[in-house]
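I opened this structure for a first look and kept short notes. The entries follow the order in which I looked things up.

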Amino acid sequence: MKRPNMLGDSRTKPMEILLVEDGLMDARVTIHALRSSGVHHRVTLCRNVAETMKFLRREGVFARAPTPDLLLLDMMLPDGTGIDILEMLPEIPKNRLGLTTVVLTAADDPALKARCEELQVNDYIAKPVSEAEFLRVVRNQKTLMVHSTPTLASV
């Protein structure tokens with residue numbers, strides 16, 4: 001029996017992606033690349049640290065927010081940095097487990113990259129982002145999701 005292509009299969013759970021990006025043009029480029037990826041997904045855009053933390057904590061208008069599978073995180077935000085978000089992630093129930101974090105930044109700072117590694121960031125991609133590199137990261141995450149989903153045989 002031929003196995004269906006699980007990455008783009010609409011019957012699989014969509015990948016929940018939280019994009020934290022204050023630049024609307026950068027957000028547009030990222031969302032376009034996601035659409036081109038062939039990965040079934042839903043994207044939520046947050047534009048600053050405060051909004052992102054409300055989303056992750058499911059506060060206020062975000063009370064029914066999905067738990068993200070992938071966090072795409074810009075480092076320079078109007079009310080803080082991506083590091084602020086990364087440092088608060090362990091305080092968020094359930095969100096840190098299984099959350100892949102990818103930093104997208106124009107900053108060329110070895111200390112920043114080292115701090116991201118300390119905070120267990122899964123990938124660090126320099127802007128301008130190579131579309132091929134970005135799509136590799138997204139597709140790898142979706143593959144991990146598909147292979148970690150329980151099957152009827154394992155239940």
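I began with contacts, meaning heavy atoms within 4.5 Å. Of the contacts in the chain with a separation of 6 or more, 70% are between residues 24 or more positions apart.

I noted the ground rules next. This is a predicted model, in which local features need pLDDT of at least 70 and side-chain atom pairs count only at pLDDT 80 or more, while totals for chains, interfaces and linings use all residues. Residues are numbered from 1 along each chain as its sequence is written, and side-chain values use heavy atoms, with hydrogens and water left out.

**Elements and surface**

I looked up the elements, which are DSSP runs numbered from the N terminus: helices (H or I, at least four residues) and strands (E, at least two). The chain has five helices and seven strands. Read from the N terminus, their order is β-α-β-α-β-β-β-α-β-α-β-α.

I then checked burial, with buried meaning under 20% relative accessible area, exposed over 50%, and partly exposed in between (1.4 Å probe, protein chains only). Of the 155 residues in the chain, 40% are buried. The chain exposes about 9,000 Å², and 56% of that comes from carbon and sulfur atoms. These areas come from the Shrake-Rupley method with a 1.4 Å probe; for residues, only the protein chains shown count as cover.

**Second largest pocket**

I turned to the second largest pocket and found about 220 Å³ of space in it. The closest to its centre of the 13 lining residues are D26, V29, T30, P128 and V129. Helix α1 supplies the largest share, five residues.

For my own reference, a pocket is an open set of points on a 1 Å grid over the protein atoms alone, where a 1.4 Å probe fits, with protein on both sides within 12 Å along at least five of seven lines; lining residues have an atom within 4 Å of a point.

**V29**

I picked V29, which lies in helix α1. Is V29 buried or exposed? V29 counts as exposed because its relative accessibility is 52%. V29 and V129 are 100 residues apart in sequence, and their C-alpha atoms are 9.4 Å apart.

**L99**

I found L99 in the loop between α3 (82-88) and β6 (100-105). L99 counts as buried because its relative accessibility is 6%. Leaving aside neighbours within four places in sequence, L99 is in contact with P68, D69, L70, L71, L89 and N122. I also looked up I17, 82 residues from L99 along the chain; their C-alpha atoms are separated by 9.8 Å.

How values were computed: Grid points are joined across faces, edges and corners, and a volume is the space filled by probe spheres set on the points.
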